[in-house]
Amino acid sequence: MSSEQSKIFLGNVIHCQRDPSRKQLYKISGEQQSFVIVKGNKIVATGKKEDLEQARAQHLADEQDVMVVMLSDRQLLIPGLVDSHIHAPQYPNCGLGYDKPLLDWLQAYTYKLERKYRDLEYSKKVFNAVVRKTLNHGTTTACYFASMFEDASMILVDAVIEHGQRAFVGKINMTTLAPDDYKETPEETIKLTRKFIEAVRSKNCDLVEPIITPRFALSLEMDSMVELGHLVKEYDVNVQTHISENQDEVKEVNKKYGIQYANVYDEAGLLTPKTVLAHGIYLSDEELSLLRQRGSSVSHCPDSNTCLKSGMCDVRRLFNFGIKVGLGTDVSGGPSPSIVSAMRSALATSINLSFSQKNYKPLNYMDVFYLATLGGAEALSLDHKIGNFEVGKEFDALVVDMGAENCNTDMLLDCSPLELLQKFIYTGDDRNISNVFVAGKSVK
Ligand SMILES: [Zn+2]
């Protein structure tokens with residue numbers, strides 16, 4: 001299937017939309033016998049089966065060669081999944097090193113591995129594997145921490161372009177609290193970030209954008225962060241970093257700067273409506289109010305929060321403060337590159353939180369589906385382009401097949417679309433994802 005060929009999908013279609021009344025965070029629609037018409041990279045029409053012929057005549061009248069995809073009653077069309085926080089170079093460490101908390105884990109395992117990306121052949125091997133693997137798991141958009149090395153980071157950019165994923169790619173900034181042979185000078189970090197932004201932009205690929213990536217508040221001095229803040233304005237780029245992941249980390253940040261964590265980034269000009277902050281477990285009410293004011297978002301990384309014993313992020317509380325939230329695998333703080341796994345962990349964390357709070361309403365499967373699709377798009381400020389099947393958006397989508405070969409189909413009864421989605425979230429994996437589309441193009 002090429003992106004040029006127009007396509008019609010007919011069957012079970014599920015996606016989340018903004019609730020126009022704003023009474024709820026989102027509304028979900030899960031309809032049988034619905035259609036989505038895709039022309040080039042965009043959705044041009046959606047509706048019920050009975051209106052298909054009229055829509056086809058209106059939008060595809062002059063086209064002979066239209067691909068019609070009739071979904072079975074065990075298949076679903078859903079928006080592509082968004083991983084709002086993943087470290088590509090840490091992929092080889094998935095499932096390793098969970099015996100240490102964050103700050104010790106970085107020194108014992110992470111920096112040792114990340115240093116290897118001076119080797120560009122190694123970079124190529126790993127980064128191609130990461131992009132293939134995440135696409136296979138249905139991640140149509142990924143927000144990547146790449147390498148501290150600018151040339152290795154460009155290899156990730158090339159891999160993303162080659163495989164057709166949508167992505168933000170960030171060259172990591174790190175000048176302090178790291179091994180001597182794995183950190184930059186303050187001059188280098190700014191110079192190479194500028195070079196990286198320009199190199200990514202010169203690729204002229206609509207799917208890939210550079211993103212400013214200070215590792216976290218202890219990896220840089222304030223002067224460097226302020227300079228990065230200037231680059232954010234100059235190039236109008238998104239920002240990603242970590243915040244309030246671990247209690248020792250928060251203490252160290254407070255000690256170093258004498259102010260609250262979120263205020264450190266704010267002082268540097270790094271909190272914008274296009275900033276995504278990973279974790280955010282221990283943010284105070286004042287910090288959440290500040291994030292809300294700035295329009296910055298949180299990437300919830302429940303697998304990682306559990307494996308590194310960082311804590312439990314209360315997503316319900318973030319919602320109550322009006323914070324945009326997406327889901328992140330945080331590979332390799334999290335062991336799995338799958339956002340389906342992150343959805344399950346988000347459910348588990350929320351249910352665990354409910355045991356110690358009276359009248360607490362844990363997240364349900366629809367909430368985590370929202371986080372993995374429209375919520376993720378909002379968190380990355382991409383919701384004008386992706387996140388659901390609204391007409392005019394680009395077509396990033398998955399065909400989920402709950403009757404796929406090699407899968408346990410015995411448990412399938414007569415399921416409604418929402419029941420199939422529920423089964424996918426609780427029991428599914430990459431084998432249930434039979435097709436992946438990014439900007440109208442088939443990539444799995
Ligand atoms: Zn991370």
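Predicted model: local features only at pLDDT ≥ 70, side-chain atom pairs only at ≥ 80, totals over all residues.

**Overall build.** I started with the secondary structure, and the chain comes to 14 helices and 17 strands. I then looked up the radius of gyration: 21 Å, close to the 22 Å that the globule rule gives for 444 residues, so the chain is as compact as a globular protein of that length.

**Domains.** Domain 1 is written as 7–79 + 389–442, while domain 2 is 81–379. I find 29 Å between the centres of domain 1 and domain 2, taken over C-alpha atoms. Their contact draws on 20 residues from domain 1 and 22 residues from domain 2.

I wanted to know which elements supply the domain 1 side. Strand 1 (7–17), helix 14 (417–427) and strand 16 (433–438) each put in at least two residues. Helix 14 gives the most, with four residues. Sorting that side of domain 1 by class, I get 13 nonpolar, three polar and four charged residues.

**Helix 3 and helix 4.** Down to the first pair on my list. Helix 3 (residues 120–136) packs against helix 4 (residues 150–163) at an angle of about 35°, and their axes are 9 Å apart. I have the crossing down as right-handed. From helix 3, the contact residues are Leu120, Ser123, Lys124, Phe127, Asn128, Val131, Arg132 and Leu135; helix 4 answers with Asp151, Ala152, Ile155, Leu156, Ala159, Val160 and His163. By class I log nine nonpolar, three polar and three charged residues in this contact.

**Helix 12 and helix 13.** Then the other pair. The axes of helix 12 (residues 339–354) and helix 13 (residues 365–379) come within 9 Å and cross at roughly 135°. Helix 12 and helix 13 are therefore oblique to each other. Their crossing is right-handed. On the helix 12 side, I list Ile339, Met343, Ala346 and Leu347 as making the contact, and on the helix 13 side Tyr365, Val368, Phe369, Leu371 and Ala372.

How values were computed: Residues numbered from 1 in each chain as written. Axes fitted to C-alpha atoms, helices over the stretch in contact; angles between N-to-C directions. Parallel < 35°, antiparallel > 145°, perpendicular 65-115°, else oblique. Left-handed = near helix turned anticlockwise from the far one by under 90°. Contact = placed C-beta atoms within 7 Å. Domains from an automatic or database assignment. Nonpolar A, V, L, I, M, F, W, Y, C, P; charged D, E, K, R; others polar. Rg over C-alpha atoms; globule rule 2.2 N^0.38 Å.
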